[in-house]
Each structure stands twice: as C-alpha cells, then as structure tokens.
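Student: Can we go through the charged pairs in this one? Here it is.
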Amino acid sequence: MKIGVRLSAHFTDTGDYLADARALDPAGVDTLWLPDDGFDPWLVLAGIAAVTGRARLAVPVAARDAIPADALARRLTTLDRLSRGRVLMTVVPALEPAETEALIGRARGGGAGPLLLHADGGGHAVVGARLADGLVASLEPARCHAAFDQARVRRERDRLTTPFELWAQGPAPDGREPWRALLAAAEAVGATGVIVPADPRLLDLLRNADEEEDRSDLTLAQG
C-alpha cells in the first residue's frame with residue numbers, strides 16, 4: 001500500500017514546514033500532496049522539491065493554470081526539472097465532461113509525469129479510466145467502490161493494461177490501531193494507495209508501524 005501525505009495549504013514557519021516534508025521523504029512516503037486552497041501550490045512544491053529527493057510531488061491542476069495556452073506546460077516543465085522527474089499531476093473535474101477532457105489534454109501536453117483524476121461521483125471515473133493514469137476518491141466504501149469499479153470495468157472493456165493507481169483519501173490516524181484499520185479499509189476497496197493529512201503522530205507510525213510503544217510526543221519537525 002502506497003502512502004500519500006496531504007500537507008497543509010498554509011504555514012507560518014517555513015523552516016518547520018520544509019523540515020516536515022524533508023522528514024517524511026525518507027520515511028517511506030510515496031507522494032506529498034498539496035491542496036489548492038491556500039498558498040500557491042506550484043511555488044510551495046518548488047520549495048519542497050529542493051529539500052526532498054524521493055517522494056513524488058502531487059500538484060493540483062486547475063483550468064486557470066492553462067491560461068494562457070503555454071502557461072501550464074511551462075509550470076509543469078519547470079517543476080519537473082526542479083524535482084528531477086517527481087511530478088504527479090492531479091486534476092479536479094470541471095462541470096462538463098468535455099471540459100475535463102480538454103483540461104486533461106492540456107495537462108498531458110506539459111509532458112510531466114502521471115496524471116490522476118479526482119473522481120468522487122458524477123461519472124468522472126469513466127473519464128479517468130480512459131484518459132488518466134489513476135483516480136482519487138474519498139475513503140468511504142460505497143463511494144470508493146462506485147468510482148474504482150467503474151474505472152476497472154471501463155479499462156477491462158477497452159483492454160487497457162497500463163499501470164493505473166487508485167488512491168483513497170482518509171482521516172489522520174490517532175494511533176496504531178486506527179492506522180492499521182485505515183490501511184485495511186483502503187485495501188478492502190482495492191486502493192493501491194491511501195492519502196492522509198500530515199499529523200505529528202504520522203512519522204512515528206510510518207517508522208515504527210509494528211511497535212506498540214507510545215511515541216506520540218514525536219513531532220514531524222524533529223525528523
């Protein structure tokens with residue numbers, strides 16, 4: 001099971017924020033995610049790229065990023081170069097399927113890394129199955145099954161055999177048992193990865209998953 005960590009969209013101390021990202025990088029985190037509701041995610045991820053070397057960087061791609069026509073390609077190329085090829089694009093669907101398909105096409109034109117589509121409801125899973133490299137859905141069994149199963153059926157029908165990622169978004173675990181339950185729930189819906197918010201306990205859970213000792217005083221910024 002791949003682990004993704006959703007970093008905060010806001011921060012006050014840059015040193016602590018980048019130290020958290022740097023500590024998560026060697027702890028086994030596959031991908032660092034950033035929402036698009038705070039500081040400019042492109043600039044923040046450029047800073048994170050400089051202090052990490054392993055984890056992929058999930059950059060949110062919105063319609064406004066594709067205006068003017070060459071803006072998205074330039075941003076993707078720049079971030080891909082700064083991160084040494086670790087960019088993962090994540091697209092939030094537009095209101096109309098045609099608009100979503102056009103946005104995916106523009107993102108593909110940037111030529112940087114895999115592309116995942118957020119697919120909670122609305123039949124977006126079918127678009128993602130045809131045009132993306134994976135889906136992101138909330139870790140609620142019915143919604144996950146609906147999205148993931150639609151994608152699987154479509155890919156089988158179209159005989160698509162390329163790698164396809166299925167990411168489930170869950171809550172921050174508050175201990176070892178909730179962490180194990182979260183991973184089990186993600187596995188049960190067929191997810192290949194689970195995304196959780198950054199939390200002070202997370203680094204201990206990643207590094208010492210099989211230990212029962214309470215190390216809740218360990219904070220991310222301590223590395």
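Tutor: Start with a term: buried means under 20% relative accessible area, exposed over 50%, partly exposed in between (1.4 Å probe, protein chains only). This is a predicted model: local features need pLDDT of at least 70, side-chain atom pairs count only at pLDDT 80 or more, and totals for chains, interfaces and linings use all residues. Residues are numbered from 1 along each chain as its sequence is written, and side-chain values use heavy atoms, with hydrogens and water left out.

Student: How many salt bridges does the structure hold?
Tutor: There are 9. A salt bridge here is a side-chain nitrogen of Lys or Arg within 4 Å of a carboxyl oxygen of Asp or Glu.

Student: Arg56 and Glu165: buried or exposed?
Tutor: Both are buried. Their side chains form a salt bridge at 2.9 Å, N to O. Arg56 is in strand β3 (residues 56-61) and Glu165 in strand β7 (residues 165-169), 109 residues apart. Helices (H or I, at least four residues) and strands (E, at least two) are DSSP runs, numbered from the N terminus.

Student: Switching to Asp204. Which residue does Asp204 form a salt bridge with?
Tutor: Arg176, with the closest N and O atoms 3.3 Å apart. Asp204 sits in helix α8 (residues 202-207) and Arg176 in helix α7, so the pair ties together parts 28 residues apart in sequence. Salt bridges that share partners also join Asp30, Arg56 and Glu165 into one network.

Student: And Asp149 with Arg152, where do they lie?
Tutor: Both are in helix α6 (residues 141-157), 3 residues apart, about one turn of the helix. Asp149 is partly exposed at 35% relative accessible area, and Arg152 is partly exposed at 29%.
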